Amino acid sequence: MFLTEPLESRRLLSISWPPFYEFDGNAGKEPSSLVQDAAGDFFGVTYNDNTDEGSNIFELPVNSTIPNIILHFPGGDSEGPNNLLIDTNGNLFGIAEFAGTSSDTIFEIPHGQTSPVTLVSDEQTQISQIGRASCRESV
């Protein structure tokens, strides 16, 4: 089937969605790296929170409008996570520089936990360039 009426005479459908949550700085700003688990919960990263200009990994549970901070990265001493990934079991993975270190770390936050587990650090292997590029390409 072909449309034969001119483009100018067609009406465009406009849908406006209300925001789930307004990132105003309390849970951080500039949300990014949004992933969703099998239960429908969203996870992501925010930067420049009102506490200390740090970064957060947050969870926005399904049927909720308030995010929970899972992990906080203090401002100034650490570089927040880049590009979260999630596996089928709900485990989160990312790359960050933790406070007190000067090396990048690949970490995992097991499903239901709030503490990261270091999988590989830059001290063990050079991941800063290879790891970041791989994560960016896989998302």
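What share of the 139 residues of the chain counts as buried? The figure is 35%. The model behind this value is predicted. The chain exposes about 9,000 Å², and carbon and sulfur atoms supply 53% of that area.

Start with the overall layout. Along the sequence they follow the pattern β-β-β-β-β-β-β-β-α. Among contacts with a separation of 6 or more, 27% join residues 24 or more positions apart.

Four strands form an open sheet in the order β1-β2-β3-β4, and their pairing is antiparallel. Its edges are β1 (29-36) and β4 (68-73), each of which pairs on one side only. Neighbouring strands here are turned by 20° against each other on average, direction ignored. In general, strands of a sheet pair through backbone hydrogen bonds, either parallel or antiparallel.

Look next at β3 and β4. The two pair in the antiparallel sense over five bridges. Glu 59 stands opposite Asn 68 in β4.

Strand β3 spans residues 55-60 and includes Asn 56. Is Asn 56 buried or exposed? Its relative accessible area is 3%. Buried means under 20%, so Asn 56 counts as buried.

What surrounds Asn 56? Leaving aside residues up to four places away in sequence, Asn 56 touches Ala 27, Gly 28, Gly 44, Val 45, Thr 46, Asp 49, Ile 69, Leu 71 and His 72. With His 72 there is also a polar contact, side chain to side chain, at 2.7 Å.

Note on methods
Residues numbered from 1 in each chain as written. Predicted model: local features only at pLDDT ≥ 70, side-chain atom pairs only at ≥ 80, totals over all residues. Heavy atoms only, no water. Buried < 20%, exposed > 50% of the residue type's maximum accessible area, 1.4 Å probe, protein only. Polar contact = N/O pair within 3.5 Å; in protein donor to acceptor, adjacent residues only side chain to side chain. Contact = heavy atoms within 4.5 Å. Areas by Shrake-Rupley, 256 points an atom, 1.4 Å probe, with all protein chains shown as cover. Pairing = 2+ DSSP bridges. Axes fitted to C-alpha atoms, helices over the stretch in contact; angles between N-to-C directions.
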